[in-house]
Amino acid sequence: MYIRGCTMREITYVEALNEALREEMRRDERVIVMGEDVQLGYSGRGGLFLVTADLMREFGPERVRDTPISEEGFVGAAIGAAITGLKPVVEIMYADFLLCCMNQIVNVAAKLRYSTGGQLKVPIVIRTMIGQGRGVGSDHSQVPIAWFMNVPGLKVVAPSTPYDAKGLLKSAIRDESPIIFFESFLLYRTKGFVPTEEYIVPLGEADVKRKGTDLTIVAISTMVPCALSAAKKLKEEFNIDAEVIDPRTLVPLDKKTIINSVMKTNRLIIVESGVKTCGVGAEIASIVAEETFDYLDAPIKRVAAPHIPAPASPALEQLTIPSENDIIRAVREILQG
Amino acid sequence: MYKLLREAEGEGLERLHSDLLIWMYTKMLEIRRFEEKIEEEYRKGLIPGLVHLSIGQEAVAVGVCANLRDDDYVIGTHRGHGIAIAKGVPLDKLAAEILGKETGCCKGRGGSMRVAYVDKGLLYSCPIVGTGLPLAVGAGLSIKLRKTNQVAVCFFGDGASNTGDFHEALNLASIWRLPVIFICENNMYAISVHVKKSTSVENISDRARGYNIPGFTVDGNDVIAVYKIVREAVQRARNGEGPTLIECKTYRIVGHGTTDPGIAYRTIEEIEEWKRKCPIDRLRRYLIANGILSEEDLNRIGSEVEARVREAIKFAEESPYPSPDQVAEYVY
């Protein structure tokens, strides 16, 4: 990847997030980080996965706060701090633990601005990790992105590359709405190029990760690298030219980029690693069916997890995460139709 | 760790300034008259949704807020009209909010249960029981980090003291030594469930001990006693000495909400007994006995209050509803 005038460096997804936090904390003293194990973690540097590495060393324990295992309490406290002048970035260790503070997120953070007639803003970012893919089992592997898309008042972000992770986290911190920011364990160690210079990625803009003409694949979070490798194989082995779009932000959703692509390719597949029922794909499929039905030459397909809790055994867990082959199979089905 | 039951401590000891006593009397009366009118409006079908009145509990809101500056933060509850009036929300904006009008303090989007008026420090009234406590903790954290000497006050009921939020919030406020004052309005009933049936301790303030913070129980129908105990807590908070839990034992004379007659789970005798403990009558007697105000003065205050309440209700009734084309404003 090359952006004119920028020096590029290759870093991991985790490093990209860490840089975003550090830069925004330097830029704005109202930004604070709160969560379990954010000060030290296993490494002594901060965070179980090093996203908050070395932040306490630079910004001190007032701005980088370890919390008790008390999600409802500290997310509520972060909301209270957000409406009184701070900009908290909260870490929820696994996305599943969002359920331990669902009340504060959905009943309070998402509603405060509306219910007070615009008196309050809630500039809070809740970062969390999808734990899927490491055998941590049913309540540490869920992909609850769609649940939060259903809540007016929340914005939902799910970057798939180091470049997007850094640029979107910086935008999220500067935004004034409550944001659920989904990271992914399977993406944490992936590498990518980011500019040395400062940049941001605006919320609400999809990115065409690969241009193509035969069909559109909309891929979410963890599934973006998988969709890209599937697209590569489709081209090499079947001469099928897939366009791959990463919405990056699910709320607000960049419908236009998706619709324009479908109007060009006339076929759509949505790939997500969460459960298919009422998932992100269901929403995107509905939007495309409502707004651009006449352009479709084949049924829309969803590639997603089956309606099964995540098993701990690796032999079973892999069956619940869509694979490159699942995508290829779905593509061939609709192109043969 | 200490705990006091300050029954009717208002009499004797320190005499508060007359202006403060008159302000407290006027505010309590304003709340009472306002809520009586609101009930009438509800019966007329002019109020959407649920309305929870605090008739009988006025001394808690007033005794607490008498200690606060405009820039001190308050989080209220679903039973929050009294708290709003005591913190300085104008009666007309409050009435209009309850009636769902555009001129309401939340432009009619919040309604009776979610009153907020940030100009006077009322951040929000949280109608999900218990949920407000962590918000107040966060306001306290913000105060501490911004190094202002504000305080954050959270009102909640006896029912809320059994939620996880209560316990998580007290723990956080304690470990971070935040300037938060937790005010439990113990009116003995969570809708129809008596506090003895639902709660493991005799006094909710006992729970402070588990979080290593000061806890007090006070007669919540004695506005002077409430004022004094909260004054100490506010001083501690402003001095960086951390949070306090104060339980104010009180009673709602009316039902849980305007649809509840309030007699299926309580005896008439019990209700009558608490009517005799009316906090407004008590302060009225005190003001006369101490020569602060005459019957005539009190009656004049009464008519002025009634006129203000009448004006506020009239303003609310005559105000427009929010425009349909603005239904999607303020989502983000």
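Biologist: What makes strand β10 (residues 215-219) of chain A and strand β13 (residues 268-275) of chain A a pair?

Modeller: Strands pair if DSSP finds at least two bridges between them; 4 bridges join β10(A) to β13(A), so they qualify, and they run parallel. Strands here are DSSP runs (E, at least two residues), and helices are runs of H or I, at least four residues, numbered from the N terminus. This is a predicted model: local features need pLDDT of at least 70, side-chain atom pairs count only at pLDDT 80 or more, and totals for chains, interfaces and linings use all residues. Residues are numbered from 1 along each chain as its sequence is written, chains are lettered from A and ligands numbered from 1 in the order written, and side-chain values use heavy atoms, without hydrogens and water.

Biologist: Why do β9 (207-210) and β14 (301-305) of chain A count as edges?

Modeller: The open sheet has the order β9-β11-β10-β13-β14 (chain A), with mixed pairing. β9(A) and β14(A) each have a single partner strand, so one side of each lacks a neighbour in the sheet.

Biologist: Why are helix α3 (residues 71-82) and helix α4 (residues 102-109) of chain A called roughly parallel?

Modeller: Their axes cross at roughly 30° and come within 8 Å. Axes are lines fitted to C-alpha atoms, for helices over the stretch in contact (heavy atoms within 4.5 Å), and angles run from 0 to 180 degrees between N-to-C directions. Under 35 degrees is roughly parallel, over 145 roughly antiparallel, 65 to 115 roughly perpendicular and the rest oblique, so α3(A) is roughly parallel to α4(A).
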